[in-house]
Amino acid sequence: MMKNLSGLYAALATPYTEDDAIDANGLKSLVNFILSHGVDGIYVGGSTGESLLQTPEEREEVLRLVAGECRGKAPVIGHVGALGTKESKRLARVCAEEGYVAVSAIPPVYYPHSKKGIFTYYSEIVGAACGVPLIVYNIPAMSGVKFTLKDLGELLSIRNVIGVKQTVVDMYQMERIHRLFPDTLLLNGYDECFLAGIASGAQGAIGSTFNMMGWRYKKLWALFKEGRNEEALQVQSRCNAIIDVLVEAGVFPGIKFILHRMGIIGSPYCRAPFTAVDPIYHDTFAALADGLIEESRQVS
Ligand code: MN9
C-alpha cells in the first residue's frame with residue numbers, strides 16, 4: 001500500500017496576488033507546469049507553500065484549489081501540521097473530503113511539548129483524517145523537534161501512519177529507517193541530497209526545487225535505477241549549483257523569483273517576514289530562469 005505512493009512530489013509554492021491574497025490562477029498555472037514536466041504528484045501547504053504564514057482559511061483554500069486542479073491528473077498529499085492540534089485536525093478533514101492520498105504534518109512547533117503530547121497530536125490528526133494515511137514530516141532543523149529512531153518507530157506504529165518525509169541530511173538515519181522499518185514509505189526531503197537519499201533507501205522525494213526543475217530529478221532517478229551513478233551525480237551537481245545560490249539568497253523567495261521570471265506565476269513575493277530577493281542576485285536568477293524555461297521546453 002505505501003509503496004504505491006512512492007514517487008516525486010513537488011513541495012508546491014503558493015503564489016500571491018499583488019494585494020497578498022492566494023492567487024488561484026497562479027496556483028493552477030504552477031500545478032500544470034509541474035505536472036507536465038515529469039513530477040508525479042503535489043505536496044500542498046508545506047514549508048515551501050508558506051503554510052505557517054497563512055490563516056487557517058487560506059490554508060483550506062489552497063488545499064481545496066489544488067485538489068480541484070489535480071483531480072484525475074495526479075495524487076496530492078496535504079500538509080496539515082500547525083501549532084495546535086485543533087487546526088491540524090480541521091485541515092486533515094478538508095484533505096479527506098478533497099480526496100488527498102495522504103496527509104502529512106510537522107510536529108507541533110514553538111512550545112516545547114512532551115513526546116507524549118507530540119504522539120497524541122499525530123494520533124488525533126490520523127483520527128480526523130477519516131482513513132487517509134499520514135506521513136510524518138521530520139524536519140528538525142526547522143521544527144526544532146529531534147526524533148530519535150525509537151521515536152520514529154513509535155510514530156510509525158500508530159495505525160495509518162505510513163511514512164516519513166525525511167528532511168534530514170544525516171543519511172545514516174535515512175538508511176536506518178529504511179532498514180529497521182522496511183514497510184515505511186520513505187521520502188527524501190532535501191533536494192540537494194536526492195541522490196544520497198535514494199541510495200539510502202528513499203522511495204521518492206518531496207522537493208521545493210521540483211517546482212522549477214522537476215524533470216532533472218526524474219532523469220536523475222532514472223539514471224540511478226539504471227546504475228548510471230556517475231551521470232546521476234552529474235545531474236545532482238547541476239541541481240546543487242542552483243540550490244547553492246538559492247540557499248544563499250533565500251530558498252523560497254529565490255524559487256518564486258525564478259518561477260515568476262519563467263512566466264509561470266504572476267508575482268514573485270513571499271509573505272512577510274520573508275523579504276524579496278536582494279537585487280544582487282537578480283541577474284543570476286534571471287539567467288537561471290531563462291535556462292530552465294528553455295530546458296523545460298525540450299523535455300515536455
Ligand atoms: O520540502 C524542502 N524543504 C524545505 C522540501 O524547504 C525545508 C527542500 O526542497 C528544500 O527547500 C531544498 C533546499 O534546501 O532542498
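1. Helices here are DSSP runs of H or I with at least four residues, strands are runs of E with at least two, and both are numbered from the N terminus. By that convention, K256 belongs to helix α11, residues 251-261.

2. The model is predicted: local features need pLDDT of at least 70, side-chain atom pairs count only at pLDDT 80 or more, and totals for chains, interfaces and linings use all residues. Residues are numbered from 1 along each chain as its sequence is written, and side-chain values use heavy atoms, with hydrogens and water left out.

3. K256 has a relative accessibility of 1% and therefore counts as buried (under 20% relative accessible area; exposed is over 50%, partly exposed in between, with a 1.4 Å probe and protein chains only). The K256 side chain makes a polar contact with the side chain of E50 at 2.6 Å. A polar contact is a pair of N or O atoms within 3.5 Å; within protein, one must be able to donate a hydrogen and the other to accept it, and residues adjacent in sequence count only if both atoms are side-chain atoms. Residues up to four places away in sequence aside, K256 touches, among others, A13, T14, Y16 and C270, where contact means heavy atoms within 4.5 Å.

4. V44 lies in strand β2, residues 41-44, and is also buried, at 1% relative accessibility. Beyond its neighbours within four places in sequence, its contacts include V62, L63, V66 and Y100.

5. Y110 sits in the loop between β4 (102-105) and α4. Its relative accessible area is 68%, so Y110 is exposed.

6. Helices α4 (residues 115-128) and α6 (residues 149-156) have axes that come within 10 Å and cross at roughly 35°. Axes are lines fitted to C-alpha atoms, for helices over the stretch in contact, and angles run from 0 to 180 degrees between N-to-C directions. K115, F119 and Y122 of α4 meet D151, E154 and L155 of α6. These contact residues divide into three nonpolar, no polar and three charged (Ala, Val, Leu, Ile, Met, Phe, Trp, Tyr, Cys and Pro count as nonpolar, Asp, Glu, Lys and Arg as charged, the others, Gly among them, as polar).

7. Around the ligand there are 14 residues, of which K165, D191, E192, S208 and F252 come nearest (near means a heavy atom within 4 Å). Polar side-chain atoms lie 2.9 Å from a ligand oxygen atom for K165 and 2.4 Å for E192.
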